[in-house]
Amino acid sequence: MSENGNKAESRRAFVKTAGRLLIAAPVLALPVILARKTDVKGYVWQIDPYKCTSCELCKSSCVMTPSAVKCMNAFPMCGYCDFCPGYLRQGAKTYNTAAENQLCPVGAIKRKFIEEPYFEYTIDEKLCDGCSKCVKGCYDFGNGSLYIQIMHNLCVNCNQCAIARVCPSDAISRVPATDPYIVKELKKL
Amino acid sequence: MSSLSRNTLLMGSAVVIFATVFSWWIFAVPSYDVIARLPGMDNRPPQKQISDSIFIGEFFDTVNTLDEILPGSWPRFRGADFDNISKDPTPLAEKWDTSGPPVVWQTTLGEGYAGPAIHNGRLYILDYNERRKADMLRCFSLKSGKELWRRWYNVEFKRNHGYSRTIPAVTDKYLVTVGPRSHVMCIDPVDGRLFWTIDLEREYGIPGKAKGKITPEFYSGQCPLIDNDIAIFAPGGKALMIGVDCATGNVLWKTPNPDSLRMSHTSVMPMTIHGKKMYVYAALGGVCGVSAEGDDRGKLLWSTKEWSPSITVASPVYLGNGEIAAFGSYGAGTARIAITRDGSGFRAVVKEQHKSSGGIASEQHTPILIDNHLWAVMPENAGALKRQLACYSISNLITPVWSSGKESRFGKGMGPFILSDKQLYLLDDEGTLYLFNIEKTSATLVSSHKILAAIEAWSPMAIAGKYLVMRDSHNMICLDISKKD
């Protein structure tokens, strides 16, 4: 009898416990779920080069000095021009590597002769401060192959990116860390 | 150690350290890892004159015969009156339905921006054939788009934003072309017979001199001009401008080039200023006017070096009252040049100039002047007005009287536009054609249609009769824009 009674009690206790657990589980899990949803792990900040307007705020707004934003060259798009509007300042009378002809204030773009009339333009990331002057020159008058990206070996991935906060064209957003760069590609017809 | 001697020792040490640091600060020469940026760091070898021998106009192929001579003519760059306005009486559609204007024919071309000239039912374009590596003047039937004949010659050069550039000039008797490497042909526009040729680089270049090079960066974009059977070119180098008799190929006059002005991408524009007909040319290094009539034909009347952008593509426009608007590319903007005349001759002064963001500007296409107002598609770097169609009074080139608005921008602001009566056709870089109805100082967008899946649709358009001909980098298309009953 008592055995049966104990069995009945333990069944009741089991149901009670199960009920409590059913109610408690979502309550306990909710903060974890919310925390996971807002966790930035797995995401990094990146600039969409198709939205960027080369406003130069990336240079001054980044918490890193110099900025974690650097210029890149999409070689399939580059015209390899002798007169490169991303390399040469407006009004340059001669097309060569003299400082007075260069648009980049820190000399971060390297120009290398390939064959007449083509030149390869590469970026010295150590010098580049992300000012975007070359990006604007290339976009305005050239093929738009120069563009800026947040370099993830330098970026500290702030919870609220200081550049994203001031970007006038909303070009900066989080992207999956597995695909951290938005590479410019040649337009295909 | 007594406290006195300890204090003395500490004080002495401090003095020695301070003296050492101070001496270093005074005498040390501060140095940084500065790398001088000097010419030649790109390892470019000295440029050599290209010594290939080119037999200009060597080959000729007949392909078809002309089916019909249609009315309508667009005989050169910016049309018969150099204003980019078609005066053809054919009534044109005031708007299009969703299918857009009908396509009459379409053909493929070599990569480039060369535009068509149309005369007596034939359409001419100086194409570049990449397989044969040849400048190829191709003649098409305007009606059917069938190719009739080709006059061509091998000339090798590397793609640098495409290959072809210019628009031929055609009259009833002569057709003149300028190739990307400054090779000139004069032929019979009907049967393609070769009359004469000039290699401007060879004839007028000054080897070894930086300013003696004829063909500019990105190759020659100067469209030839035929004026009373005289072909006009502005090579720079040994001669600022030359006049060549179309019948014989003899050089009738040469303008000296004391300021070493160089060939730009603009074209020679005839203008009559203070009663004198002259050829105005916006060269690299300055703007000049050369007499186009009378005994002093070919004489340099005036020039100014005050306006000298590094690249200039849009040609100058006469604003009236002795004033010219000259345009510079790559953000250089626009200059208003005043020409004055007194007993001693002509003089040119830049009255005002502004950057592209400070007033009217044009990257490639010459603005159109209508009723004392200039119309242009503003370039990418025109600030808030970038890539908009804008209208400026000739009395104020700074503030527009109308612009299409920030919701109406057109490609990268480098596409062509052309006017017929009150209808302005604007093609954006990516191949969408817009039809505007122009009022005196404003425009209304009436229709638009995607014509070409294009990149770099930069060539000037042509209107002849009921046809509008345009191209992108690889395709040429002929549309029927006539009014339908």
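Two strands pair if DSSP finds at least two bridges between them. Strands (E, at least two residues) and helices (H or I, at least four) are DSSP runs, numbered from the N terminus. Residues are numbered from 1 along each chain as its sequence is written, chains are lettered from A and ligands numbered from 1 in the order in which they are written. This is a predicted model, in which local features need pLDDT of at least 70 and side-chain atom pairs count only at pLDDT 80 or more, while totals for chains, interfaces and linings use all residues.

Start with strand pairing in chain B. Strand β33 (residues 467-471) of chain B runs antiparallel to β34(B), joined by five bridges. B:L468 stands opposite B:L479 in β34(B). Three residues lie between β33(B) and β34(B), and the two strands form a hairpin. β34(B) (residues 475-480) also pairs with strand β3 (residues 103-108) of chain B. That pairing is antiparallel too, with five bridges. Here B:W105 has B:C478 of β34(B) as its bridge partner.

Now look at the core. A nonpolar core is a set of buried Ala, Val, Leu, Ile, Met, Phe, Trp, Tyr and Cys residues joined through C-beta atoms within 7 Å. A residue is buried if 20 or more other C-beta atoms lie within 10 Å of its own, exposed if 12 or fewer, and partly exposed in between; C-beta atoms are placed from the backbone. The largest nonpolar core has 174 residues. B:Y425, B:L426 and B:V469 have the most contacts inside it. Strand β17 (residues 276-283) of chain B gives the most to this core, with six residues.

Follow B:V469 further. Helix α1 is another matter. Helix α1 (residues 3-27) of chain B has 25 residues and reaches 36 Å from its first C-alpha to its last. That is close to the expected 36 Å, taken as 1.5 Å times one less than the number of residues. Of the 25 residues of α1(B), the number buried is zero, so this helix lies largely in the open.

Finally, turn to chain A. Chain A has four helices and six strands. Their order along the sequence is α-β-α-β-β-β-α-β-α-β. The radius of gyration of chain A is 28 Å, well over the 16 Å that the globule rule gives for 189 residues, so chain A is more spread out than a compact globule. The radius is taken over C-alpha atoms, and the rule is 2.2 Å times the number of residues to the power 0.38. Along the principal axes, the C-alpha atoms fill a box of roughly 110 × 35 × 25 Å. Of the 189 residues of chain A, 34% count as buried.
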